[in-house]
Amino acid sequence: MDTTMDQLRTLIMVHEAGTALRAARVLGREQSSVQKQLDTMNRNFRELCGEPLVLKQGRGKDVLFTGTGEALVALARGTLGDWLDGIHESRRRLGTTLAVGATRLTLGHLAAAGERVAEEFRRRAIELKVGHVRTRDVLAKLRAQEVDLVCGTVVTRPDGDRELEAFEVMEWRRSGVSLLTNLPASELPGPTVPTSELRTLPLVVSAGGQMAGVLRTWFGAEYRDTLRIAAEIDTVNYGLELLRSGVLRGCMLVTKGVADAAGDPGVAYGRGLRAVELVNDTGPRLEVLLGAFARRGERAHYDAAHPLNLLWNALAEGNARWRREQRWPTDGLEPEPFELGSSYDPGES
């Protein structure tokens, strides 16, 4: 019963590393210190349970964990995990730390909001932890309480989405789904095409990202086996260049805003490409929603000075400013990289 948290951590590390020597190297300690802790726990648990935790296998060989040792390692992992979760929850409640996630293409907007609160965070010694979140994990990270706020995109439905009911949503942009194509009108007349016809069209697709989620929703998890995949891409820019070059003829799903802008002769990425509107006859109507997300009701539990509310409000201010100053595509400007990339980000699978 005198076992300490530090001893439990040492036991876990020996289990992962295999020997006291390798565990000592990871922990930055002397081997003798680790071995002493191991010997102490072995002695104590032999008295408590009638069995030591580990058995030596010979010089240079990994130690053998007994049944009691394996059980204690599992218990130690849970104990230390719960302890750390409790500390993190206390720090979050008191406002001394804030964990934020962002997809690659929303990081710029998060950084701009971070600058607005940086001085206040420094003055109050608030620790801001920022981590990369893949598009597919935007809501999952919030559910698991790994982050307090996340910026990214989700595929949703215009008439409401039950999945979003558990979250507070700050909507930045929302767009339907369209096609960009270099196919001649004789092959794909337009100006509209039913979504069911995507089965017959040569498509430029990626392994992940929001548009892969759209295809998965409409055609099932095995959509790659039923659709005509003309090319797989890593980045949206490569997909656009591929179509513009004429190396292959095909279509690529993008948000309706990006497709509409392609018709503007001043928008370089759309030159030589044609927008075709999708008419849904396959599954639910889908949209790509870009914004910031938090767990519903959590901000209301905190006062206005809590770091979560401060950063949320800074993001809202940045979005309001963008809406006031945003002019594309009415004056022929290129879309901002954030708008184009977040509409279809295959790199974030």
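I took helices (H or I, at least four residues) and strands (E, at least two) as DSSP runs, numbered from the N terminus. The model is predicted, so I kept to its limits: local features need pLDDT of at least 70, side-chain atom pairs count only at pLDDT 80 or more, and totals for chains, interfaces and linings use all residues. Residues are numbered from 1 along each chain as its sequence is written, and side-chain values use heavy atoms, with hydrogens and water left out.

**Entry 1: backbone**

I started with the loop between H6 and S5, where Gln-145 is found. Gln-145 is not a glycine, yet its phi is positive, about 60°. Gln-145 is partly exposed, with a relative accessible area of 41%.

I then went to Ala-125, in the loop between helix H5 (107–123) and S4. Its phi is near 55°, again a positive value in a residue other than glycine. Ala-125 counts as exposed because its relative accessible area is 63%.

I also checked the peptide bond from Gly-190 to Pro-191, which is cis, with omega near 5°. Pro-191 sits in the loop between strand S7 (177–181) and strand S8 (192–194). Most residues other than glycine have a negative phi, and most peptide bonds are trans.

**Entry 2: largest pocket**

Next I looked for pockets. On a 1 Å grid over the protein atoms alone, a pocket is an open set of points where a 1.4 Å probe fits, with protein on both sides within 12 Å along at least five of seven lines; lining residues have an atom within 4 Å of a point. Points are joined across faces, edges and corners, and a volume is the space filled by probe spheres set on them.

The largest pocket holds about 480 Å³ of space. Its lining has 26 residues, and Arg-136, Val-155, Gln-210, Gly-213 and Arg-216 are the closest to its centre. Helix H6 (138–143), strand S5 (149–156) and helix H7 (210–219) each give two or more residues to that lining.

Which element gives the most to the lining of the largest pocket? It is H7, with six residues. Eight of the 10 residues of H7 are buried, so this helix is largely enclosed by the rest of the structure. Among the buried ones I noted Gln-210, Gly-213 and Trp-218. Gly-220 follows H7 and has a positive phi, near 90°.

**Entry 3: second largest pocket**

The second largest pocket has a volume of about 300 Å³. I listed 15 lining residues, with Thr-19, Ala-20, Gln-31, Gly-60 and Lys-61 nearest the centre. Helix H2 (20–27) and helix H3 (31–49) are the elements that give two or more residues to this lining.

Val-130 is in strand S4 (residues 127–132). Val-130 counts as partly exposed because its relative accessibility is 46%.

Last, I looked at Glu-232, in strand S10 (residues 228–232). Glu-232 is exposed, with a relative accessible area of 53%. Glu-232 and Ser-206 are 26 residues apart in sequence, but 5.1 Å apart in space, C-alpha to C-alpha.

Key
Buried < 20%, exposed > 50% of the residue type's maximum accessible area, 1.4 Å probe, protein only.
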